[in-house]
Amino acid sequence: MLIGELSRRTGVNTHQLRYYEAQGLLEADRGVNGYREFGANAVLRVRQIRHLLGAGLSSDDIAYLLPCATGEAPELVGCPELLSAMRSRLERLDGEITRLGRSREALLDYIETAERTG
């Protein structure tokens, strides 16, 4: 199938599909006319990518995880690449949550001070 058909079937714009291909997440052959031609499994692969992106994983993380992915959701088998990438992402998220909590508390303090003096 051509990229436009893959876009229609997945709801993902062609620019993003080309990005996935450039990142090594999605494979396409080239026809004699130079157009990208995606296999039948491309729809499933794009849906897997979208679910993993929705979990906050980066394209680098997803590249490690895809060999461990089965099904649309996807279900991830506990291969070493998967566990390492997910633990690393979880650590980054925990750090971001901590930083956001501090920022939130500081902002609340500024608001309370402004309300008392305003």
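Helices here are DSSP runs of H or I with at least four residues, and strands are runs of E with at least two, both numbered from the N terminus. This is a predicted model, in which local features need pLDDT of at least 70 and side-chain atom pairs count only at pLDDT 80 or more, while totals for chains, interfaces and linings use all residues. Residues are numbered from 1 along each chain as its sequence is written, and side-chain values use heavy atoms, with hydrogens and water left out.

Step back to helix α1, residues 3-10, where I3, L6, S7 and T10 are the buried residues. Buried means under 20% relative accessible area, exposed means over 50%, and partly exposed is in between (1.4 Å probe, protein chains only). These residues cover an arc of only 100 degrees around the axis, so they sit on the same side of α1. The arc is taken from the directions from the helix axis to the C-beta atoms. Now show α2 (14-22), β2 (36-37) and α3 (42-54), against which the buried residues of α1 pack. Contact means heavy atoms within 4.5 Å.

Next, select Q48, which lies in helix α3. Q48 counts as buried because its relative accessibility is 3%. Leaving aside residues up to four places away in sequence, Q48 touches L66, A69, T70, G71, E72 and P74.

Finish at I111 in helix α5, residues 80-117. With 39% relative accessibility, I111 counts as partly exposed.
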